[in-house]
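Here is a protein chain to get to know. Have a look at it first, then read on for a guided walk through some of its parts.

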Amino acid sequence: MNGDWQFRTTHALAKVYPDGVLGGDGESPAMSVFLGETASFQVAFRPPQRAAFRDSAPLRVDVDPAARPYVTLHSVDLVPCDLAAFAEHDDGYDRDGPGLYPDLLRPLVDGSISPILGSWRGLWVDFRVDDPALAGRHDIVVSVTDSRAALLYRRRMSVVVYAQALPRLPIAHTHWFHCDGLAEFYGCDVFSEQHWAVIDAFLGSAARMQVNTVLTPVWTPPLDTEVGGRRRRTQLLDITHADGRYAVDFTLLDRWLQLCRRHGMDRLEIAHLFTQWGALATPSIYVTRDGESVEAFGWHVSATDPSYRDFLEQVIPALKTHLDTVWGLDRVLFHISDEPSGAEHLASYARAKAVVADLLEPCTVIDALSDIEFYDSGTVEHAVVATDAIAPFLARGIRPLWAYYCVAQDRDVSNRFFAMPSSRNRVLGHQLFAHGCAGFLHWGFNFYNSELSRRPIDPFRDTTASGALLGGDAFMVYPGIGGQPWDSIRSKVFTQAMFDMRAFDRLAELAGRAAVLQQIDTDGRGGRLSFDRYSADPLHYLGVRENVNRQITALDP
């Protein structure tokens, strides 16, 4: 304390609201990580209640020289949110009204952070070590001084870095990657050199969030698009049509694959073959005819039009052959249509699938849906099921089984909305491991459009797809300066959930799956963990992880 400034050091699952009530200083449990894993904590601060003008001047944040090379600092910035929760939400939200929410992590490039008079603000501290020679205990001393170099606060935090690296994420993990919003926000042509540089940076950010499966726009993905509308064209395949034959140039696709390899991606998802919510029409696909690029397919061509079958008969085998040669067809996933539901969609989905099913053999086809009739009828073999509808699939022992959530999963289950506590984001790693899920899908890594892609948006000002989606649903990272992605609290916590899975997987290798379940398979109320019953206590997740880490190192010193 100095001059009635208030400071609190707290853990990464706390949210520092400007008008929030924080616990005591230093309420952060022991921290340990493995090589290549980030340990995070926060320093919250508030100016004196009777603030003078000088108290609004930026503060200086310093880290001791020994830890400085391994520390990254971010200010926790407030973002506007005009839709925080739907009217009939559950009790597991921090708050439910429009307002400013802590989310954006803006890099502190010059070590200064500005206070907000009358309000709390957060400083996010990341610590990461990759070199085995640096394993062991590290003390991180964070000091805060005012504009006159007077010391306001100093806190020492300790992190133990274990000398092992965890195994790779044991599941497929995709957060759909959207190229159109990147081109729009940065004002560059699609697949220009500037656009490729931005794509590279954002793929790197996705990889750091443990994404290992990438939605690949061989043609513009027919997702979140108004009927009759179009998203900005982002088509990797250069397709020419002459004398009844289609020829495909894979040059852009190969450049995309090169970036995917660079960032350690394991799998590709090919953009959906039919439109969303019913598979009634074809994607927007451009073809060059007589030297002119034309939209040969789109909303104006039905899913079962013979011309589309003719197109698929020529293009799909060529695509499969190319991917098998340069990537490996066993690491490619195809989609028919996203989120079909009900008897009418079941019929239209089945008709669309029949158009292409023989051409996709023997590839894996997956789709996000929640109606078990699609599985029971044999129409869908590999389902990606919403977490609030997954119970019947689990009860039947359906395997392999993926899970997903989106804006519709706003009650009872975990999610990553602004207005939810971070523990509700972190629990997902426990749930996916406990239920043996093979993959996780979310539709929005960087969706910077309004609802149904009617127009592009500025995600620093519009965080709800223009009032249609709950804040935090549409994107995990922000488009920062110079084409660099800026993280969010949610992306950091989600990454921690995926590292939890990696640690659980390692302990299961050493001690058996039951040893892991004994610790994580609890809802915090004396019952078993499920997708809609779980602990709300952030210290539970931090404590479980510490116990797991200690057991791993005891068995594999």
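## Before we start

What you see is a predicted model, in which local features need pLDDT of at least 70, side-chain atom pairs count only at pLDDT 80 or more, and totals for chains, interfaces and linings use all residues. Residues are numbered from 1 along each chain as its sequence is written, and side-chain values use heavy atoms, with hydrogens and water left out.

## The whole chain

Along its principal axes, the C-alpha trace spans about 80 × 50 × 50 Å.

How much of the chain is buried? Of its 557 residues, 59% count as buried; that means under 20% relative accessible area, while exposed is over 50% and partly exposed is in between (1.4 Å probe, protein chains only). As for contacts (heavy atoms within 4.5 Å), take the ones between residues at least 6 apart in sequence: 73% of them join residues at least 24 apart.

## Strands side by side

Strand 12 (residues 213–216) is covered on both faces. Thr213 and Leu215 sit on one side, Val214 and Thr216 on the other, and all of them are buried. For two strands to pair, DSSP must find at least two bridges between them.

Now for strand 20 (residues 382–386), where 4 of the 5 residues are buried. Which strands pair with strand 20? Strand 19 (residues 364–368) pairs with it in the parallel sense over 3 bridges, with Asp367 opposite Ala383. Strand 21 (residues 402–404) also pairs with strand 20 in the parallel sense over 3 bridges, and here Val384 stands opposite Trp402.

## Two helix residues

His322 belongs to helix 4 (residues 306–326) and counts as buried because its relative accessibility is 16%. Leaving aside neighbours within four places in sequence, His322 touches Phe250, Leu253 and Asp254.

Leu542 lies in helix 11 (residues 538–555), and at 14% relative accessibility Leu542 is buried too. Its C-alpha atom is 48 Å from that of Arg351, 191 residues apart along the chain.

Most residues other than glycine have a negative phi, and most peptide bonds are trans. Here are some exceptions. The peptide bond from Glu361 to Pro362 is cis, with omega near 0 degrees; Pro362 lies in the loop between helix 5 (342–360) and strand 19. The bond from Arg399 to Pro400 is cis as well, with omega near -10 degrees.

Asp243, in the loop between strand 13 (238–242) and strand 14 (245–249), has a positive phi near 55 degrees. Is Asp243 buried or exposed? With 82% relative accessibility, Asp243 counts as exposed. Asp412 also has a positive phi, about 70 degrees, but Asp412 is partly exposed, at 37%.
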